Amino acid sequence: AQDPDVIYVASDDGLPRSLDGGQTWERLPDLFHPQYGCFRSYPVPHPTAAGVVYAATGQCEGMGLLPGEGGVFYSDDYGDTWVKRTVGLTDTDLVDLAFHPADPDTMAAATFAGNVFTTTDGGLTWYWAADLDRQLRRIYFNPSGAHEAWIVPHAESQPPAAPYLLKSTDAGLTTWNTV
């Protein structure tokens, strides 16, 4: 987020990165080796710390995770090396991460199975916040105003079945309303 020439791409097969605005690409080290050959990775660069990037990882839909797979990975060297940060995550099949706009040490994670987790220490410790009882796809914080959180559920059909959005205005992200 601090350097417009650094680009990370979400992929089902590894994590591509460019350090020169997309002119050249390299595949970063595998965060884990899934047995089934299908892997999700969603990179999230730190909003204020250059070189710091997180990756939410999990299996492709319906494939399941083996013990120890998935979760949050952290890098402070543009993705050359990674450290797993899963303390407190009881569901490591992640689909997305989001930074709180007022405090980058506060983050939220969404899992495919519908769980929401929060951290206030940059991902060193995660806390379960809610089970939304549906598959999730993306999580965001409003960058202005009250900084409420938004979740996009997974849509298995087109047009997607309602609800289309969920919103939480409490700091712990424990209460969600259908929008």
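View 1. The model is predicted: local features need pLDDT of at least 70, side-chain atom pairs count only at pLDDT 80 or more, and totals for chains, interfaces and linings use all residues. Residues are numbered from 1 along each chain as its sequence is written, and side-chain values use heavy atoms, with hydrogens and water left out. Rings of Phe, Tyr and Trp (its six-membered ring) are taken to pair if their centres lie within 6.5 Å; planes under 30 degrees apart count as stacked, over 60 as edge-to-face and the rest as tilted. By this rule there are 2 aromatic pairs. In the pair of Tyr54 and Tyr74, the ring centres are 5.2 Å apart and the planes stand at 65°, so the arrangement is edge-to-face. This pair links distant parts of the chain, with Tyr54 in strand β5 and Tyr74 in strand β6, 20 residues apart (helices, H or I of at least four residues, and strands, E of at least two, are DSSP runs numbered from the N terminus). Tyr74 is buried because its relative accessible area is 16%. The pair of Tyr54 and Phe99 is also edge-to-face, because the ring centres lie 5.5 Å apart and the planes are at 75°. Since Tyr54 lies in strand β5 and Phe99 in strand β8 (residues 94-100), this pair ties together parts that are 45 residues apart in sequence. Phe99 counts as buried at 13% relative accessibility. Tyr54, Tyr74 and Phe99 form one aromatic cluster.

**View 2. Arg85 over the ring of Tyr74.** Arg85 lies over the face of Tyr74, at 3.7 Å from the ring centre. A charge sits over a ring if NZ of Lys or CZ of Arg is within 6 Å of the ring centre and within 35 degrees of the ring normal.

**View 3. Salt bridges of Arg17.** A salt bridge is a side-chain nitrogen of Lys or Arg within 4 Å of a carboxyl oxygen of Asp or Glu. The structure holds 2 salt bridges. In one of them, the side chain of Arg17 meets that of Glu26 at 2.6 Å, N to O. Glu26 is partly exposed, at a relative accessible area of 38%, whereas Arg17 counts as buried at 2% relative accessibility. Arg17 also forms a salt bridge with Asp80, at 3.1 Å, N to O. Because Arg17 lies in strand β2 (residues 16-18) and Asp80 in the loop between β6 and β7, this pair ties together parts 63 residues apart in sequence. Asp80 counts as partly exposed at 42% relative accessibility. Arg17, Glu26 and Asp80 are linked in a network of salt bridges.

**View 4. Strand β10 and its two partner strands.** Strand β10 (residues 115-119) is mostly covered, with 5 of its 5 residues buried. Asn115, Phe117 and Thr119 lie on one side and Val116 and Thr118 on the other, and all are buried, so both faces are covered. Strand β9 (residues 103-111) pairs with β10 in the antiparallel sense over 4 bridges (two strands pair if DSSP finds at least two bridges between them). Phe117 in β10 is the bridge partner of Ala109. The hairpin of β9 and β10 has 3 residues between the strands, and Gly114 there takes a positive phi near 110°. β10 also pairs with strand β11 (residues 127-131) in the antiparallel sense over 4 bridges. In β11, Trp128 is the bridge partner of Phe117.

View 5. Gly51 is found in the loop between β4 (39-45) and β5 (53-59), and counts as buried at 8% relative accessibility. Leaving aside neighbours within four places in sequence, Gly51 is in contact with Ser75, Asp76, Asp77 and Tyr78 (contact means heavy atoms within 4.5 Å). Gly51 and Ser75 are 24 residues apart in sequence and 7.6 Å apart in space, C-alpha to C-alpha. Tyr78 lies in the loop between β6 (71-75) and β7 (83-84) and is partly exposed, with a relative accessible area of 30%. Phi of Tyr78 is positive, near 65°.

**View 6. His147 and its backbone angle.** His147 is found in the loop between β12 (136-141) and β13 (149-153). Although not a glycine, His147 has a positive phi of about 60°. Most residues other than glycine have a negative phi.

Note on methods
Buried < 20%, exposed > 50% of the residue type's maximum accessible area, 1.4 Å probe, protein only.
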